[in-house]
Each structure stands twice: as C-alpha cells, then as structure tokens.
Amino acid sequence: METADHDPETPEPILLTEPADGTPPVISDPAELALGCDKLAEGTGAIAVDTERASGYRYWPKAYLVQLRREGAGTLLVDPIALDGELEPLRQVVNGEEWVLHAASQDLPCLAELELSPASLFDTELAGRLAGYDRVALGTLVERLLGYHLEKGHSAADWSKRPLPVDWLNYAALDVELLVPLREKLEAELAAQGKLEWARQEFEAVRTAPLPAPRAEPWRRVSGIHKVRTARGLAAVRALWEARDELARKRDRAPSRVLPDTAIINAVLSDPKNVAELQALPVFGGRVQRRYTASWFRHLEAAKTLPREELPNPSQPNDGPPAANRWADKDPDAAARLTAARTALNRIAEHHQLPVENLLLPDLLRRTCWRPPADTSARGVAEVLRAGGARPWQIQLTAADLAEALQATARK
C-alpha cells in the first residue's frame, strides 16, 4: 500500500485559493439556469459534480449548493433552494452523462431528490482505494497526483446560510475544479494495475445502490446509551429521542442542536423529580432550552408509567451473527472459519494492494462464516457471495480461498 512519506524530489504543491477562471456567480433564477445549462451542454466529456449540504445544522440532508464543471463549459454553482427544485434544464443536460464525483455515495441521495442522476460515474475516492492509496481524501489525492494543495476549511459549514460568503464559494468551486484531471490520473493507474474493470463494477454498484432501509430502532444510536442498564431507562431514552426528532423535523434543525445526546443520557440517569430539577442539569437550564423543559419532563414521566409489555428489550435486536469476539465461546468452529477466512482475505488484499474491506464486505464475510452454505465448494460459495451483493471481480478473487477456509474446524 502507498505510504504518506514525502519524497524530497517532489516539488512543494501549489496552493489554490480560488478557481483559475475566478469564482462563478451563484445561479439562483431560471433565466440564469437556462444560460448555464446551454454552456454545460456545449462542453465535452464527463461532468464533475459535487454538493454542499448542511449536516449538523439542518434536519433534512438536502443539497444547498450543486457544483458542476465540464471541459469547455467552466464551472456552474447552482442554488437548488432559490430555484425551488425547478431544475429541468439541468436534468436534460446531465442525466444522460457520465459524472465524476468524490465519495459519490454521500452526494447521490440528495441529488436523486432533485431528480438528478448519472448514466454512469467515476468515483475518485473509491478509485484511490482500489489503486492502493492509504489516504484518499480529495485534497490528499489532488496534492499527490496533481501537485496542488486545496484549502479544506468549509466542509462542515452551514451551507443553508444566505448569502454564501465568497470564500465558501471559492472552496465549493475548487472541489470540482480538478476532479476530471484527477480521474484521468487514477484511471491510468487502475488500468496499469489491471483493476479498471474492478473499479467499473464498483462504480456501477454505487450508482445503482438502493437507499438504505430505515433502522428499526434508531433511538438506540444515542451516544452513551450503553450507560443505561434498565428497560425503563431505555424507554425514557426512546421517549426523549422521539420527542426531539419530532421537534427537529418541524424546525428543520439537526437533532443534536435541538437537544444533545449527552443531555438525553444525563436526564435519564439523573432521574429528576420535577421540572426544576431537570432545569438544574447541564443544557436544560439554558435560555432556549427552558422553553421546552416542561415538555421534556412530561416525556420522561410518561416513560415511567408505560406497561411492561411496551418497554424496549434491553438487548439490542440483531439479525446477524454475534460480535466476533464471542464466537469462540458460542461456536468454536465458526470462530475457526472466520480466522481462516480473514487470513486468506488479508493475503489476497495485500497481494493486490487493496483494502481488505473493499475486497469483501466484512458483514458478508461474517455471515458466511457463521452460517456457511451446505455447498462449501468454490461454486457454492460464489453463489452465496453473489446473493450477498459481491461483485464478479470480488467473487473471482475470493471464492476458492473462502471455500477452503470454511472447511476449518476448532482444535479439540
């Protein structure tokens, strides 16, 4: 795998603080959009695409800015909020084209919400992983492969803010400025390593991936919930989480800005006897929070009177195998299979200079080792991997070795 050591023969990267052609104006009305799309249509080649969201500030993960760049057309910065989603001219230009994105799975859902979707894509982050780079952030790859340094100061900004500051727009435009040249470098590397077809299969899997199913009990992801040991306490966590989620939806605010996880856990563990005691806890006594403290307290009290059959199970539901560190006690042969399989996959990944998690999804590996198929031949294992979503290149590299590993048994 590639290392982060700096080559003394490599010149220092060139700092980019603004786009080469200057910062383009933000497109915020239909006439501007039509003109911009005409330019985009006259360009050639793949379209570099990125979005800016307001994660950590807003409830809904929508795109507050869409950046596009194409050879011969320059860069467009499109405000889908000001345009109220009326993006038909843009859809007509981009939906039948190849896109270049970095970490495409992060951007595709909010773009799909705008009815924008690529005919094919190239993901520079995923390409970097498959090419053997340990660090695949956009700035790192641009610096290493193109010799430019991008300042990354606004990724966590509140992109719902209007008007957007000029330095934010510079940052947004630079995120697509070099995506196509970066793609060309990475594509050449993948071709030289014999991995280009692997990458194409991975890109198509990302492009066609369905949206993840909603979690059955999302409130169980509250940070610090492991400190709550009783079913009644978990009911209180659930009650506060659900109340917070409803308020966050209505206000379009990130839930953590409505009420932090730490405050939820602290309230449940402290078990306040009245509103005044709740207000005495950190966070709840703040000027804004005092408006909602009585409501939070009512939800805490309601959890105390729930019938026993309505209390959550203290054990988190899990349809998969247990944690791997418990396999040796529960099923020693399964533990032996997993150890052998991991050894084999690590060897394959090292030989091909791949992250082992890109060679085969860890969850698919664990499920296969915990409950192996009746047919543990290479063909039988290949069928299981295919049903689990593995791509043809992954199956070709791993099925035979995994079949052998599934024959492993614990030493008596």
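# Strands, helices and cores

Visitor: Which residue stands opposite Leu77 in β5?

Guide: Val26 stands opposite Leu77 in β5. This is a predicted model: local features need pLDDT of at least 70, side-chain atom pairs count only at pLDDT 80 or more, and totals for chains, interfaces and linings use all residues. Numbering starts from 1 along each chain as its sequence is written, and side-chain values use heavy atoms, with hydrogens and water left out.

Visitor: How do you know that β2 and β5 pair?

Guide: Two strands pair if DSSP finds at least two bridges between them. Strand β2 (residues 26-27) has two bridges to β5. That meets the definition, so they pair. They run parallel. Ile27 has Val78 as its bridge partner in β5.

Visitor: What joins β4 to β5?

Guide: Five bridges join strand β4 (residues 65-71) to β5, and the two run antiparallel. Arg69 stands opposite Thr75 in β5. The hairpin of β4 and β5 has two residues between the strands, and there Gly72 takes a positive phi near 85°. On its other pairing, β4 is joined to β3 by six bridges, again antiparallel. Ala48 has Arg69 as its bridge partner in β4.

Visitor: Why are β2 and β7 at the edges?

Guide: Look at the order: this open sheet of six strands runs β2-β5-β4-β3-β6-β7, with mixed pairing. β2 and β7 (120-123) each have a single partner strand, so one side of each lacks a neighbour in the sheet. Helix α3 (residues 104-113) packs on the sheet and touches β3 (44-52), β4, β6 (98-101) and β7. The direction of α3 makes about 125° with that of β6. Helices (H or I, at least four residues) and strands (E, at least two) are DSSP runs, numbered from the N terminus.

Visitor: Why is β4 called largely enclosed?

Guide: Count its buried residues (buried: under 20% relative accessible area, with a 1.4 Å probe and protein chains only; exposed: over 50%; partly exposed: in between). Six of the seven residues of β4 are buried, so the rest of the structure largely encloses it. Strand β5 (residues 74-78) is mostly covered too, with five of its five residues buried.

Visitor: What puts the buried residues on the same side of α5?

Guide: In helix α5 (residues 138-146), the buried residues are Leu138, Gly139, Leu141, Val142 and Leu145. They cover an arc of only 165° around the axis, so they lie on the same side of α5. The arc is taken from the directions from the helix axis to the C-beta atoms. These residues pack against α4 (124-130), β8 (148-150), α6 (166-177) and α7 (179-192). Just after α5, Gly147 takes a positive phi of about 80°.

Visitor: What makes a set of residues a nonpolar core?

Guide: Its members are buried Ala, Val, Leu, Ile, Met, Phe, Trp, Tyr and Cys residues, joined through side-chain atoms within 4.5 Å. The largest core has 80 residues, and Leu68, Val78, Leu90, Val94 and Trp99 have the most contacts inside it. A second, separate core of 32 residues includes Val237, Ala248, Phe297 and Leu300.

Visitor: How do you know that Cys37 is in no disulfide?

Guide: The structure holds zero disulfides. The nearest cysteine sulfur to that of Cys37 belongs to Cys110, 17 Å away. A disulfide needs two cysteine sulfur atoms within 2.5 Å.

Visitor: Why is Cys37 called buried?

Guide: Cys37 has a relative accessible area of 3%, which is under the limit, so it counts as buried. Cys110 is buried as well, at 3%.

Key: Contact = heavy atoms within 4.5 Å. Axes fitted to C-alpha atoms, helices over the stretch in contact; angles between N-to-C directions.
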